[in-house]
Amino acid sequence: MNRVRRETEDTYDVLGIGFGPSNLALAIAIAEHNGRVGTDRQLRAAFWEKQPRFGWHRGMLIDDATMQVSFLKDLVTMRDPTSGFSFLCYLKERGRLVDFLNQKTLFPLRIEFHDYFEWAAGRLAGQVDYGHEVVGVEPVFEGTEVRYFDVSSRTPDGGGLVRRARHLCLATGMTPRVPNGAEVSDRIWHNRDLVPNVEEWAGRPTRRVVVLGAGQSAAEAVAYLHRKLPETEICAVFAKYGYTPADDSPFANRVFDPEGVDVFYRSPPEVKQSLMDYHRSTNYSAVDLELIDALYRAQYQEQVQGIRRLRFLNVSRLRRVVSQPDGLRITVEHLPTGELQRLDADLLVYATGYQPPDPGELLGKADKLCLRDEEDSLEVGRDHRVRVADSVSAGIYVQGSTEHTHGITSTLLSHTAVRAGEILDSLLAHTFPGDAPRPVLSTTAD
Ligand SMILES: Cc1cc2nc3c(=O)[nH]c(=O)nc-3n(C[C@H](O)[C@H](O)[C@H](O)COP(=O)(O)OP(=O)(O)OC[C@H]3O[C@@H](n4cnc5c(N)ncnc54)[C@H](O)[C@@H]3O)c2cc1C
């Protein structure tokens with residue numbers, strides 16, 4: 001029996017796919033627009049999220065991990081510092097405003113920011129349906145014009161829903177990446193599930209764990225495992241000589257500014273590439289200096305005590321991983337000499353990053369309407385709207401998969417609030433074409 005229901009209510013102006021921080025910020029921007037005194041042009045919005053409840057990288061909610069972005073780059077402040085959805089309003093409501101300020105930090109705990117996101121998502125509960133995984137998008141024609149999209153969801157009970165919308169906003173996040181040909185199993189994890197997997201594993205005899213990777217998540221995983229499994233040897237394997245500190249210095253940090261996005265967007269491909277190369281270490285394969293120092297200190301302390309529980313196998317790579325009933329046989333190659341070392345381990349954690357999914361996979365038939373550049377990447381306007389064939393008046397917005405057009409901040413939180421405002425303006429301009437949007441190219445090059 002087909003248990004997919006077609007909604008008979010009116011068409012939505014916008015349907016958001018995914019309800020992480022990006023679409024949560026958009027939902028807030030829309031709700032604030034709709035609630036503004038004198039607004040007679042309200043947008044009918046809904047969001048579908050595949051998780052059963054709100055969750056932001058739950059598997060990496062390490063209790064002492066902190067945010068890598070200032071709390072002022074929360075869901076709203078950079079767009080509207082007077083919004084009632086700011087981190088400061090959340091703190092006030094939780095009764096911790098003064099206590100937070102006494103810490104004199106811009107970087108809250110990750111668990112605290114997760115609670116903030118949940119608090120904001122809870123206030124918009126009426127707009128989001130959890131447990132709905134979007135599995136298909138069908139263009140809907142009026143004559144020769146594609147005017148709407150029919151979006152299908154799947155629910156855990158085998159059912160689903162079809163909902164019609166004039167515009168879509170895809171913000172489905174990143175997909176965990178593992179090395180080519182690598183498998184994931186009960187002993188081989190991606191760090192995405194680190195915390196729940198360690199909790200489930202706890203109590204089983206564990207001689208050794210290998211962590212592959214040299215980025216922030218890898219370093220966090222090494223520190224967490226070292227703390228959580230006090231009898232276990234933790235081996236960090238990476239190709240670099242040492243961890244690279246994340247560049248959060250003020251001039252480099254400007255690459256995350258709204259103006260930084262404008263400049264990146266306007267740049268020719270070779271300048272885009274050089275900007276990405278110059279500023280990779282603001283985000284990729286880079287670790288907070290404090291954490292690097294803490295790991296070094298812990299290793300040195302063990303050296304003094306004659307213990308060797310924390311090991312760093314640098315300039316190395318994994319050559320082979322063989323699963324046996326009693327554990328893993330891992331072969332590590334030291335790159336300068338080619339020397340091979342066998343490590344018998346109980347667990348292997350791939351902390352090898354994430355990649356943005358190509359929205360084409362989700363868009364299905366609707367993908368054929370989207371224009372692509374020579375690299376086969378989506379052409380995306382400055383307003384985050386995908387360029388489409390002339391016959392299409394329905395809109396597709398993307399958040400997160402736009403590093404090639406909008407730069408390094410696309411997958412991060414720094415631009416979330418401002419981007420939500422830009423998408424709102426564009427939605428209004430396309431839904432009520434008489435309304436002129438605020439210009440999004442807000443600066444000129446100096
Ligand atoms: C551990 C970790 C810590 C981080 N810390 C920071 C930080 O401190 N600062 C920073 O700037 N960035 C950080 N990042 C980067 C991160 O990408 C952003 O913080 C943020 O998650 C981006 O939000 P998003 O909504 O675009 O994506 P996500 O948060 O990934 O949300 C996407 C949502 O879409 C849902 N979804 C996916 N497919 C479907 C579908 N087919 N149907 C319905 N729903 C779907 C997912 O379940 C998910 O809830 C961190 C990343 C990780 C992994």
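Trainee: A residue counts as near a molecule or strand if one of its heavy atoms lies within 4 Å of it. Which residues come nearest to the ligand?

Mentor: Ser22, Glu49, Gln68, Thr411 and Leu413, out of the 28 residues around the ligand. This is a predicted model, where local features need pLDDT of at least 70, side-chain atom pairs count only at pLDDT 80 or more, and totals for chains, interfaces and linings use all residues. Residues are numbered from 1 along each chain as its sequence is written, and side-chain values use heavy atoms, with hydrogens and water left out.

Trainee: What does the side chain of Ser22 do with the ligand?

Mentor: An N or O atom of the Ser22 side chain lies 2.6 Å from a ligand oxygen. That is a polar contact (a pair of N or O atoms within 3.5 Å).

Trainee: And which backbone atoms lie by a nitrogen atom of the ligand?

Mentor: A polar backbone atom of Lys50 is 3.1 Å from a ligand nitrogen. For Val134, a backbone N or O atom is 2.9 Å from a nitrogen of the ligand.

Trainee: How much of the ligand does the protein bury?

Mentor: The ligand taken alone exposes 980 Å², and the protein buries 89% of that (Shrake-Rupley method, 1.4 Å probe).

Trainee: Which elements give two or more residues to the shell?

Mentor: Helix 1 (21-35), strand 3 (45-49) and strand 5 (133-142).

Trainee: New topic. How many salt bridges are there?

Mentor: The count is 27, where a salt bridge is a side-chain nitrogen of Lys or Arg within 4 Å of a carboxyl oxygen of Asp or Glu. One of them joins Asp63 and Arg227, whose closest N and O atoms are 3.0 Å apart. The two are 164 residues apart, Asp63 being in the loop between strand 3 and helix 2 (87-94) and Arg227 in helix 6 (residues 216-228).

Trainee: What does Glu133 pair with?

Mentor: Arg154, in a salt bridge of 3.4 Å, N to O. Glu133 is in strand 5 and Arg154 in strand 6 (residues 145-154), 21 residues apart. Glu133 is partly exposed at 31%, and Arg154 is partly exposed at 46%.

Trainee: Which residues are linked in a network of salt bridges?

Mentor: Asp326, Arg329, Arg342 and Asp344.

Terms used
A polar contact is a pair of N or O atoms within 3.5 Å; within protein, one must be able to donate a hydrogen and the other to accept it, and residues adjacent in sequence count only if both atoms are side-chain atoms. Helices (H or I, at least four residues) and strands (E, at least two) are DSSP runs, numbered from the N terminus. Buried means under 20% relative accessible area, exposed over 50%, partly exposed in between (1.4 Å probe, protein chains only).
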